[in-house]
Amino acid sequence: MNRRLLFILPLLTLALMAGFFAWSLLAGRDPASIGSVLVGRPAPRLEVKALREGEPPLTDALLKTGKPAIVNFFASWCTPCLAEHPLFTRLAQREGAVIIGVAWKNKPAEANAWLKRLGDPYKFAGADVEGRTGLDWGLSGVPETYLVDGQGIVRRHFRGPITERDVNETILPFLKGAK
Amino acid sequence: MIPELGHFALILALAVALVQGTLPLLGAARGDIRLMDLGRTAALTQALLVIVAFGALTQAYVTSDFSVANVVANSHSAKPMLYKISGVWGNHEGSMLLWALILALFGAAVALFGAGLPDTLRSRVLAIQALIGVGFLAFLLFTSNPFERVAPAPLDGNGLNPLLQDPGLAFHPPLLYLGYVGFSVTYAFAIAALLEGRVDAAWARWVRPWTLAAWCFLTLGIGLGSWWAYYILGWGGFWFWDPVENASLMPWLAGTALLHSAIVVEKRDALKSWTVLLAILAFSLSLLGTFLVRSGVLTSVHAFAQDPARGMFILGFLLFVTGGGLALYAWRAPQLQGGGLFQPISREGALILNNLLLCTLAATVLLGTLYPLFLDLLTGNKVSVGPPFFNATFVPICAPLFAALCVGPYLGWKRAELWPALLRLRVAFIAAVIAAIVAATAIDGRATLAALAFGFGVWLILGSLSEFGQRLVRTGFRLPPRASLGMTIAHAAMGVVVLGAVGTGAWNSELMQTMKPGDRASFHGFDVKLERVESLNGPNYVAERATLLLSAGGKSYTVLQPERRLFTVQRRQVAETAIHTNLLRDLYATLGEGDAGNGWVIRLYYNPLAPWIWLGAALAALGGFVSLSDRRLRIGAPQGGKRARTRPAVQAAE
């Protein structure tokens, strides 16, 4: 009988593995996500000086206006930011989205020159030269984008550049739904 | 109209496969020779139909027929012809069609070359092969039809995933599939043997060439994939223990074990149920690889066509094939009687050690690959298992494997003496020790383990060659049988791979420097000057290209032009590395982040012996092909066929 058991062992191993696979598929987990602890919680403190000359500094009040906001960390030295830039321009011009841009570890002069060259989609723009605010927001690099609802709660966190698909499937429904 | 022809051919192929998968089985059980012979006709017909379907899709790609949805999604009229053709399998649907094609071709090959097989065995093998085919054809037709039309047809297509537009990757999937699917034949042989209730020397002789062929293709496919990763990912490494790489390594390890255990079945009539299990596992691990790549349960640099719905289908199929096979195994294998006991110090003893170690390696890879998935599901912790795990587990298990590899061929069957064998290896041993000492003192004193591994590489090459040389002397310089010649080549090739891996992995050196145009750096005796960095616009990417001038002793040596491409749609940056090789070392340059103000990050790697990794893989495959050309192994060799047409029904050896 023990010998029999030995021959059934491969089958049992398979059953165990298959169970895990089915569980994984049905649970719909995303193996690429490293997760974000911010989703569902109030946005971290936003307190940065303005990027553009003569504008007041950015504060938390901007995130609790009752209107949803998109917070985008970018830098002029970051190539993927270049890739997502036209999408923000479209969101600002066509959808009238409130986009708060924060230039992260970027000299204001360089960030401003970059925006001048490509166009400026940001309703409010801040300069986080030291990267402190980025630290509070749990940034792993740029670009990263947060969707914050009218009450200041983070609803979505994108690491890496946003894509056309993110805009159509996530950001636009969010802007409509959160109004 | 041609795409519809392809579609109909595929439907017909499914119908034929259904016939081929059922009636010959019935015939074999009843002893009805007409039903059994149907298998051969059906296998050839099915192959012809799938060839027509594949040809139809290829035609749609070559002529850029944008009324076919698959072509629109994956091709572009301005693409070079090579990528139009490789685009056929550069996507989910097409690659599944390629898989079905190779499966049908292998089935046809069994029908054509299997004349010497007993009727019942051949018809059962063909039926099992057809049942696997039914799964793939149904998958294609019901979930991933490559011939779907779009109306109105767009003017041009979206183009192939840019990562796949690369000569290395154009041929990587077909080779890999030839390996994966090749194991379906050994699987079919294993299931047929369990149904017959008989595994004997003749069976092993029939299985071996198929295993060998699959193994050769898989070796080439893995080698090509590793080469691609080396020059495209830009990290200077050649193997990343990525889930998808592991997925191809596991069937390779199981296949290598099967290759060796089948010899024991053939020569000693032992290890039967073990060999059958390995034959089932080799194909199951191939399917597992497909599942892991396509279902998206693991994250990987390669993952493409991820879709949980398809994942469910492949999982179901995997369960059907593997679960069915293993259930049959649990039921019938205990009745397979092995012949006699044998001595630990003997050829068969060495082969068992080889099997134990290879299977431990495969289990290690399996565990390391799936552990993050298990842990995430059970505890919610996210971990990644990478090189540190495999360096601490996989590499040490290789040491006894390599140590024993050269000794095994010296041992005779049944009973052998260890000491005389070791004495005859003394030259290789002394040379290996000297190589290790030289490596530890002269090349890199810090990397003791690398020096040891280097010694192992030398041991593998010299040990294999000395066995070959001594055999030549003994036989009066008559060339040994090709099977044995192939073994020598493949064993020595492992040494070549090890040397390449040690050189690249342990003794590489790297220079990372931020440079502006005009800046100079010094690297391994070369004077490196960044001449310029320019922007390029590719068809679907933006790129920066650096021009590096390398000179030695005031004389210009070579120009390296690494690029960094950003594919906007895929959110992915791809380093197009620049490599200069002289077969003893690679000079490898990549371009990193940067701009004109601050300069660009330039990385230079000096990778000693790097080309040997792929040279070794190619040599190993060559060894396999040489062995395959041996008359004794040639498919359909007239042996064992005499037993045909005896009583076919179940003959459990009880």
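Domain bounds here come from an automatic or database domain assignment. This is a predicted model, where local features need pLDDT of at least 70, side-chain atom pairs count only at pLDDT 80 or more, and totals for chains, interfaces and linings use all residues. Residues are numbered from 1 along each chain as its sequence is written, while chains are lettered from A and ligands numbered from 1 in the order in which they are written.

**View 1. The domains of chain B.** Chain B splits into domain 1 (1-160), domain 2 (168-311 + 348-402), domain 3 (403-508) and domain 4 (509-608). Taken over C-alpha atoms, the centres of domain 2 and domain 3 of chain B sit 24 Å apart.

**View 2. Where domain 2 of chain B touches domain 3 of chain B.** Here 13 residues of domain 2 of chain B meet twelve residues of domain 3 of chain B (contact: C-beta atoms, placed from the backbone, within 7 Å). On the domain 2 side, the elements giving two or more residues are helix H9 (243-268), H12 and helix H13 (387-405) of chain B (helices are DSSP runs of H or I, at least four residues, numbered from the N terminus). By type, the domain 2 side has eight nonpolar, two polar and three charged residues (nonpolar: Ala, Val, Leu, Ile, Met, Phe, Trp, Tyr, Cys and Pro; charged: Asp, Glu, Lys and Arg; polar: the others, Gly among them).

**View 3. Chain B against chain A.** This contact uses 29 residues from chain B and 27 residues from chain A. On the chain B side, helix H10 (272-295), helix H11 (308-332) and helix H12 (347-379) each give two or more residues. H11(B) provides the largest share, eleven residues.

Technical notes
Contact = placed C-beta atoms within 7 Å.
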